[in-house]
Amino acid sequence: MKIRCKNCYRVLNPNEEYCTNCGEHSARMQQAMLTGNYGPDATGKLKIALTIFGIAGFIICGLLQVVFALIENKINDGNGYTNLFCESNSLFYSSILTIIITLVVFRKDLKDYFPTINKKQLLGSILIAILVSAIVIILTNLSNFTLLFPKYIVNYLKTDDKVFFDIVGSCIFKIVIGAILVGISVEILGHKYLVDALDETLLGDKAIYFITVIASTFMEVIWIMSIDVLVVSLIINLATTGIYMYTNRNLLINIIMRVLITIIAVVIFII
Ligand SMILES: [Zn+2]
């Protein structure tokens, strides 16, 4: 982990307790020299996070789509498969797998996910979360290009054929759980570990913000494999990346926001 000079922001060399550029004392470097702990390796963790996403969220999700296409084709006596069946199942199982791997691999970091927020940060981020949730709910009911879920899922939720739970087929339960867990995975893998790693670079907060927004939106759209969700995903990531960086790197409000948006959107579609 890089330790910076508080005064001139230069990256200090190991054991450089006093900045050789400006002479400022670094309490962090002093602490690191005493304990031998130079802090977590943020770049290494980002690589692990992206690997988990790449394998579970991308490769395994893709493989599952093929498997479910074959299963559905067999159920239909060779009459093909539907996006709804393959995607809602593959998103459901790949998101569960991703969350389990993430929680196991990063279990030691867990307590740091929810650092304390002050009242001002809490109030500000709740206001942004409510505003963005309202915008997303309106957009997803407004046009087919600004959806929270791919179009075939929205169409399914609006039909009379929908069921709450089905072990083999598509169901509301799998859609809701899949959407929530994909969102939480993007929060942890795409926001937390990317921002942590970018914090180590010379980039300013604005650059870190925009890189994180673009990268996490890309991850989400690639995983869901639908361009229908691009606009809404971008809006959500603009808000959640901002909230995360503004609230001492706290993921709690983002996770609550994603759960609520998903549930409210589904309830509106099915009633
Ligand atoms: Zn300095």
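**The core and its surroundings**

A: Happy to. In this predicted model, the largest nonpolar core has 49 residues, and Leu148, Phe149, Ile175, Val182, Leu189 and Val266 have the most contacts inside it.

Q: Which elements give two or more residues to this core?
A: They are α2 (42-75), α3, α4, α5 (151-158), α6, α7, α8 and α9.

Q: And where does the largest share come from?
A: From α6, with 14 residues.

Q: Back to Ile175: what is it in contact with, leaving aside neighbours within four places in sequence?
A: Ile175 is in contact with Ser88, Phe149, Ile153 and Val266. Phe149 and Val266 are also among the core residues with the most contacts.

Q: What does the second, separate core include?
A: That one has five residues, including Ile3, Cys5, Leu12 and Cys19.

Q: Let's zoom out. How many helices and strands are there?
A: Nine helices and zero strands. The C-alpha atoms fill a box of roughly 75 × 35 × 25 Å along the principal axes.

Q: How much of the protein counts as buried?
A: Of its 271 residues, 35% do. As for contacts between residues at least 6 apart in sequence, 68% of them join residues at least 24 apart.

Q: Now α8. How many residues does it have, and how far does it reach?
A: Helix α8 covers residues 230-246, which is 17 residues, and spans 24 Å from its first C-alpha to its last. That is close to the 24 Å expected at 1.5 Å a residue.

Q: Which of its residues are buried?
A: In α8, the buried ones are Val232, Ser233, Ile236, Asn237, Ala239, Thr240, Thr241, Ile243 and Tyr244.

Q: What do those buried residues pack against?
A: They pack against α4 (119-142), α6 (172-199), α7 (205-224) and α9 (252-270).

Q: What about the phi of Asn248, which follows α8?
A: Asn248 has a positive phi, near 55 degrees.

Q: Switching topic: where is Glu87 found?
A: Glu87 sits in helix α3, residues 83-105.

Q: Why does Glu87 count as buried?
A: Because Glu87 has 25 C-beta neighbours inside 10 Å, and the cut-off for buried is 20 or more.

Q: And what is Glu87 in contact with, beyond its neighbours within four places in sequence?
A: Gln65, Pro150 and Met225.

Q: Last one: how far is Glu87 from Leu203?
A: Their C-alpha atoms are separated by 37 Å, and the two residues are 116 residues apart along the chain.

Technical notes: Residues numbered from 1 in each chain as written. Predicted model: local features only at pLDDT ≥ 70, side-chain atom pairs only at ≥ 80, totals over all residues. Helix = DSSP H or I, 4+ residues; strand = E, 2+ residues; numbered from the N terminus. Expected span 1.5 Å × (residues − 1). Buried ≥ 20, exposed ≤ 12 C-beta atoms within 10 Å, placed from the backbone. Contact = placed C-beta atoms within 7 Å. Core = buried A, V, L, I, M, F, W, Y, C linked by C-beta atoms within 7 Å.
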